[in-house]
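Please open the structure in a viewer and keep the selection panel at hand.

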Amino acid sequence: MANITPRRDKNGNITSYTIRVYHGYDSSGRRLKPFTTSYKPEKGMTEKQIARELNRFVVKFEEQCARGYKLDNKQTFAEYAEYVIQLKERSGVKHNTIYSYRKLAERINQGIGHFKLNDIRPQHLNELYAQLSKSGLRESAGTATAKTLSIGGTVLAARLRVCGATFKSIAQKAGIAENTVANAVHGKNIAADKADTIAAALGEKTAVLFDVKKDMQPLSNKTILEHHRFISVVLAQAEKELLIPYNPAAKATTPKPIVKEANYFEVEDIKRIRDCLEQEPIKWRAAVHLLLITGARRGEILGLKWNCIDWNNNQIYICNNLLYTSDRGIYEDTPKTANSQRYIKLPVQTMELLKEYRRWQLEQQALCSPAHQPSRVPPHYG
């Protein structure tokens, strides 16, 4: 039987009701903490309407308590989402996915992060998806270009000279790639958030050093669906732990993904790329050639090691993936799925290119100090 306690304001008027449902005692004979919730009547309701709705609310609450739902839980979506992310991380979910979850949560929490779990309804999610489809929500905020001086060069380059700073020192202080700083100094477009970090590293406002062009394009349906999937993951876990009676995301209306036709290279394009590669250093020729021939992901090719090349059978073994996230930098991981670990046969021409690349690499190692010499004999490839 539920215990109903009215809550009153300073004038004695009832503003809401606290409902408690007790559910027995523990092994020591102490009464268990009751399930607790509250009911607030809508403005303008008569006493009969309040009594009828309160009774309906209490009956439903008692049914949910009997099924084990912990409706006394006060966690907000933002709090519980962080718990789920940590749970997924402990269970072995890849860091790249965890990083993606945290980035999605930043935008989601602005919309529903303050909601208590058991207050979230499908219409709240529908409203969130509608907000995400509006212009001006892109995190990157567009691109930035260093301002130019009338005498030539950029304001950013002049600022670095005054400070006696180098590309490397600013990159380290800003936590970004040195190449990004170089591009900015030479007047090339960079991401607006990178411009912010460079300006902060120099102790200046972004507007002093850069012209920023904001990206007002709305989020794509695909991106909105990624937000929806993360919300669904969080609420599915809450449903699994009996914190909510159902997953509201399963009943929300999501935008339809726009299926784009794949854009393939034509044979003439491949020939033109290969012709241009002949003028490039061997390492770029090898990397791009492997991308064209194998169809492997960029990170899989960059993560390829010499001990994964089967010289006798003209094949490579894809078992590493080189990735980047801003919180960790460049790091190595296994491929996206277990099925992604695979052997790929290569034509003789590609194998010969890899042999040429290996010879060049060994020559470069021989020019280095002993600390950079290979620690073991490289595999024989004839």
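Begin by selecting helix 12, in which Ile282, Arg285, Ala286, Ala287, His289, Leu290 and Thr294 are buried; buried denotes under 20% relative accessible area, exposed over 50%, and partly exposed in between (1.4 Å probe, protein chains only). The model is predicted, with local features requiring pLDDT of at least 70, side-chain atom pairs counting only at pLDDT 80 or more, and totals for chains, interfaces and linings using all residues. Residues are numbered from 1 along each chain as its sequence is written, and side-chain values use heavy atoms, leaving out hydrogens and water.

Helices (H or I, at least four residues) and strands (E, at least two) are DSSP runs numbered from the N terminus. Next, display the cover over the buried residues of helix 12, which includes helix 11 (267–277), helix 13 (298–302), strand 8 (315–318), strand 11 (342–345) and helix 14 (348–366). Just after helix 12, select Gly295, whose phi is positive at about 75°.

Turn now to the salt bridges, each a side-chain nitrogen of Lys or Arg within 4 Å of a carboxyl oxygen of Asp or Glu; the count is 13.

- Select Arg56 and Glu53: their closest N and O atoms lie 3.1 Å apart in a salt bridge. The two are 3 residues apart in helix 1 (residues 47–66), about one helical turn.
- Select Glu226 and Lys222, a salt bridge at 3.0 Å between the closest N and O atoms. Glu226 is partly exposed at 31% relative accessibility, whereas Lys222 is exposed at 55%.
- Finally, select Glu82, Glu89 and Arg102, which a network of salt bridges links.

How values were computed:
Contact = heavy atoms within 4.5 Å.
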